Amino acid sequence: SAQRREIPLFARSVLFLDSAHCVEEAVSMSEQGFSTYRFRLGLGWVGDAETLRRLRQALPETRRVVADAQAWWQMGGAAYAEAEYEAWVSRLAEHAPLWLAEPFHVDDLQGRQRIIAAKAVPIASGENERDSERLQALGESGVDILQINVMQLGGLLSSRLVLQSLAAQGKQFVLTGATTPLEVVALVHLATGFGGESCLGV
């Protein structure tokens, strides 16, 4: 079958940034041609909402943002009280993120279902999963997009079989795990074997 000629690349912040620096980085990535910017939440409920608001104001309408919510379970209840989860997630659509990424720990099944039930935007998860069976279960739980960390699944060859199975089931996924330019090129090459309805980008 014909391979794709274009693969969307997502710019991704690896640091916890305050609102001003996050917006500065996002605008820079947009000017370099990236259509999507993934940033890390980590300023608490109020600070994160302010960052999202400022990102939407600063970026062109054609640019999208992905909110990386791993801080919710990494930083604990001192910064993110569990009682606020559902309300914050339900209001997220106001800021029009492309999706909310990794908002629950891989072993927190109760938290996963609580967030999925409250979602107002697509939920993406799977980046911290290490085997295909758990990814499959995650895809059947109500998660909208699977984030496939190719390196954690054993590399390109091992991941290809998993991705082919997910694509055959109609699942949507993005490829992650690259830490060097060469690894990004390798993921793009892997992504060319899947249609845009399955692989949403790298």
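Hello everyone, and thanks for coming. Two housekeeping points before we start. Because this is a predicted model, local features need pLDDT of at least 70 and side-chain atom pairs count only at pLDDT 80 or more, while totals for chains, interfaces and linings use all residues. Residues are numbered from 1 along each chain as its sequence is written, and side-chain values use heavy atoms, with hydrogens and water left out.

On terms: helices (H or I, at least four residues) and strands (E, at least two) are DSSP runs numbered from the N terminus, and two strands pair if DSSP finds at least two bridges between them. Angles run from 0 to 180 degrees between N-to-C directions, and axes are lines fitted to C-alpha atoms, for helices over the stretch in contact.

Now some individual strands. S1 and S2 run parallel and are joined by three bridges, and Phe 10 stands opposite Thr 36 in S2. Strand S2 (residues 36-40) is largely enclosed by the rest of the structure, because four of its five residues are buried. Buried here means under 20% relative accessible area, exposed means over 50%, and partly exposed is in between, with a 1.4 Å probe and protein chains only. Strand S3 (residues 64-68) also pairs with S4 in the parallel sense over three bridges, with Asp 68 opposite Ala 101 in S4.

On to the helices. Contact, by the way, means heavy atoms within 4.5 Å. H7 also meets helix H8 (residues 181-191): their axes come within 11 Å and cross at roughly 35°. Leu 156, Arg 160 and Leu 163 in H7 meet Ala 186, Leu 187 and Leu 190 in H8. That crossing is right-handed, meaning that the near helix is turned clockwise from the far one by less than a right angle, with anticlockwise being left-handed.

H1 and helix H2 (residues 44-58) pack at an angle of about 35°, with their axes 9 Å apart. This crossing is right-handed as well. Among the residues making the contact are Cys 22, Val 23 and Ala 26 of H1 and Gly 47, Thr 51 and Leu 55 of H2.

What about the nonpolar cores? A core is a set of buried Ala, Val, Leu, Ile, Met, Phe, Trp, Tyr and Cys residues joined through side-chain atoms within 4.5 Å. The largest has 49 residues, of which Trp 72, Leu 100 and Leu 175 touch the most other members. Helix H1 (residues 19-31) gives the most to this core, with four residues. Leaving out residues up to four places away in sequence, the contacts of Trp 72 include Leu 41, Trp 45, Tyr 85, Trp 88, Leu 100 and Ile 115. Apart from that core lies another, of eight residues, including Phe 10, Val 66, Ala 101 and Ala 124.

I'd like to finish with one neighbourhood. Where does Glu 102 lie? Glu 102 is in the loop between S4 and helix H5 (109-118). Its phi is positive, about 50°, although it is not a glycine, and at 0% relative accessibility it counts as buried. Its side chain is joined to that of Gln 147 by a polar contact of 2.8 Å. The term covers a pair of N or O atoms within 3.5 Å; within protein, one must be able to donate a hydrogen and the other to accept it, and residues adjacent in sequence count only if both atoms are side-chain atoms.

Gln 147 has its place in strand S6 and is buried, at 1% relative accessibility. Beyond its neighbours within four places in sequence, Gln 147 is in contact with residues including Arg 38, Trp 99, Gly 126 and Thr 176. Gly 126 is in the loop between strand S5 (123-125) and helix H6 (132-139), and is buried at 2%. Gly 126 and Ile 148 are 22 residues apart in sequence, yet 6.0 Å apart in space, C-alpha to C-alpha.
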